[in-house]
Amino acid sequence: QVQLVESGGGLVQPGGSLRLSCAASGFSLESSAIAWFRQAPGKEREGVSCISSNDGSTYYADSVKGRFTISRDNAKNTVYLQMNSLKTEDTAVYYCATDTPLCEAKYDSWGQGTQVTVSS
């Protein structure tokens, strides 16, 4: 069955970097777009980024554009989210999810999430 496992979260100071990983099993990344979204306490879920399945087009929320980079390694069936210049407002649980081919934020399956805390 479809399974997504996130890792790489942790505690980092403002301005620091983290790289999140999303290991997929039960399907091929070539057949599904993968998105990252985040959920902070008391806030609505926010789509962060997405990479399409067909041509690898990438999409970013305005709040992370220029700081985050999404990529995928089809051989490892893994998607990454490189997060640089982290801010306190990036603190949240980050999830990876399957999405429609055009990254329409219609998530079908997602993992258990990984906590990212940005604090001094």
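**A core built from strands**

In this predicted model, the largest nonpolar core holds 26 residues, and those with the most contacts inside it are Ile-34, Trp-36, Phe-68, Val-79, Leu-81, Met-83 and Tyr-94. Such a core is a set of buried Ala, Val, Leu, Ile, Met, Phe, Trp, Tyr and Cys residues joined through side-chain atoms within 4.5 Å; buried means under 20% relative accessible area with a 1.4 Å probe, counting protein chains only. Two or more residues of this core come from each of β3 (18-25), β4 (33-39), β5 (46-51), β7 (68-73), β8 (78-83), β9 (92-99) and β10 (114-118). The largest share, four residues, is given by β3. A second, separate core has eight residues, among them Ala-33, Tyr-95, Ala-97 and Tyr-107.

Turning to the whole chain, there are 10 strands and zero helices (DSSP runs numbered from the N terminus: E of at least two residues for strands, H or I of at least four for helices). Of the 120 residues, 44% count as buried. Among contacts (heavy atoms within 4.5 Å) with a separation of 6 or more, 55% join residues 24 or more positions apart. The C-alpha atoms fill a box of roughly 40 × 30 × 25 Å along the principal axes.

Residues are numbered from 1 along each chain as its sequence is written, and side-chain values use heavy atoms, leaving out hydrogens and water. Local features need pLDDT of at least 70 and side-chain atom pairs count only at pLDDT 80 or more, while totals for chains, interfaces and linings use all residues.

Key: Buried < 20%, exposed > 50% of the residue type's maximum accessible area, 1.4 Å probe, protein only.
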